[in-house]
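Open the model in your viewer and keep the selection panel at hand. The tour goes from one selection to the next and says what is found at each stop.

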Amino acid sequence: MRAVVLSGAGGPEVLEIREVPDPRPGPGEVLVRVRASALHRADLLQRRGLYPAPPGAPADVPGLEYAGEIEACGERVQSLKRGERVMGILGGGGHAEQVVVHERSCLRIPPGFSWEQAAAVPEAFLTGYDALFRAGRLAAGEVVLVQAAASGVGLATLQLAVLAGGRVVGLCRSADKRARLAALGPFHVLDPGLPDLGDAVRLAAGEDGVDLAIDLIGAPAWSFHADVLRERGRLVVLGLLGGARTEIDLGTLLRKRLTVVGSILRSRGPEEKVELVQEFALRILPLLAAGRIAPVVDSVFDLSEVARAHARMERNENLGKIVLRIAR
Ligand SMILES: NC(=O)c1ccc[n+]([C@@H]2O[C@H](COP(=O)([O-])OP(=O)(O)OC[C@H]3O[C@@H](n4cnc5c(N)ncnc54)[C@H](OP(=O)(O)O)[C@@H]3O)[C@@H](O)[C@H]2O)c1
């Protein structure tokens, strides 16, 4: 099969399309013919040699999600059959024509979804769901703040947060993207560069402040979050786009009785991932199927254009997901 292979660590020039051995499904696994995958910040970091694949994932083929149809079932597969349309997350290896996954890690693609729409769902919506409702314990009517709101994960998280019925505030540096985000849902989207950002957030959030902040920025956002979170507020750190090291005033943590949770999907064990996927299938997949929430596809590139897709993400140009079309 053809796959994107990292020929070394570096810029988009290290991305090569090569023939690699076809994978074979073991017991309980299915072989999926991948029609589309999507790009992710982790793919860029892996390409630069900064984020090695976890054990069990191919070391040199990036790609954390897939959408495609089942081509073959291994022994003892019970819940799926050949020809079914499925999507899901991977530890790596998704930018390839075939992947092998455990049957219980698959999500059925909602009827009517294109391959490109389906490929834009798994990583962004599973991450957002897990952060809001499991790590962040979001309750009905609470106020949520989401950093990097136009990112694949950010935009899925905004939409999921709206389901809880409270106010949803997003931050996004690009004026153009802010205008487009405001048209996509009932979000207050603010410029993180505002000199009085804390006041602007409190105005949008209500005087008590933010109940739950979902952080994709890391270091530069720490003291801002400590300021805008209400007493007993929660912070879930998912990404470090702005850096990993900062100084923390633990006094604020104590005074406000804040909860800080770090979370990552990729390196979790298979059982933990299956548990999340099964819960998501019950609670969120029907809402996707009904159109209450929807993946946002920024752009679609053919597999052969993968370097252009990386460059677009690296320039921070995307709003929503950059999709790779693997096979028609
Ligand atoms: N923990 C997990 O399990 C998990 C899972 C998935 C993703 N993530 C993390 O979530 C983050 C987003 O991933 P993604 O693939 O959805 O990203 P993405 O679609 O590439 O979007 C990232 C956006 O963030 C903004 N941005 C970039 N650098 C920034 C900075 N230094 N400060 C503020 N904003 C910045 C840019 O938009 P503007 O310039 O318009 O603001 C950029 O377009 C990454 O850090 C990723 O590692 C974590």
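The model is a predicted one.

**Stop 1: the two domains.** Colour residues 2-121 together with 266-325 as domain 1, and residues 124-262 as domain 2. Taken over C-alpha atoms, the centres of domain 1 and domain 2 are 26 Å apart.

**Stop 2: the interface.** Select the residues of each domain that touch the other: 27 residues of domain 1 are in contact with 19 residues of domain 2. Between them, domain 1 and domain 2 bury an area of about 2000 Å², and carbon and sulfur atoms give 63% of it.

**Stop 3: helix 4.** Select residues 152-162, which form helix 4. Of the 11 residues of this helix, 10 are buried, so helix 4 is largely enclosed by the rest of the structure. The buried residues include Gly152, Leu155, Ala156 and Gln159.

**Stop 4: the cavity.** How many cavities of 30 Å³ or more does a search of the whole structure find? The search finds 1, and the largest cavity has a volume of about 40 Å³. Select its lining: Ala120, Ala124, Phe125, Gly152, Leu155, Ala156, Gln159, Pro295, Val296, Gly320 and Lys321. Helix 3 (122-135) and helix 4 are the elements that give two or more residues to this lining, and helix 4 gives the most, with 4 residues. By class, the lining residues are 7 nonpolar, 3 polar and 1 charged. With the domain colours still on, note that domain 1 and domain 2 each provide at least three residues of the lining.

Stop 5: Move on to the second largest pocket, with a volume of about 790 Å³. It is lined by 34 residues, and those closest to its centre are Gly56, Leu90, Gly91, Val100 and Val101. Then select strand 6 (98-102) and helix 9 (270-283), the elements that give two or more residues to the lining of this pocket. Colouring the lining of the second largest pocket by class gives 18 nonpolar, 9 polar and 7 charged residues.

Terms used: Residues numbered from 1 in each chain as written. Predicted model: local features only at pLDDT ≥ 70, side-chain atom pairs only at ≥ 80, totals over all residues. Heavy atoms only, no water. 1 Å grid on protein atoms, 1.4 Å probe; cavity = no way out; pocket = protein on both sides within 12 Å on 5 of 7 lines; lining within 4 Å. Points joined across faces, edges and corners; volume = space filled by probe spheres on them. Nonpolar A, V, L, I, M, F, W, Y, C, P; charged D, E, K, R; others polar. Domains from an automatic or database assignment. Buried < 20%, exposed > 50% of the residue type's maximum accessible area, 1.4 Å probe, protein only. Contact = heavy atoms within 4.5 Å. Buried area = accessible area lost by both parts, 1.4 Å probe.
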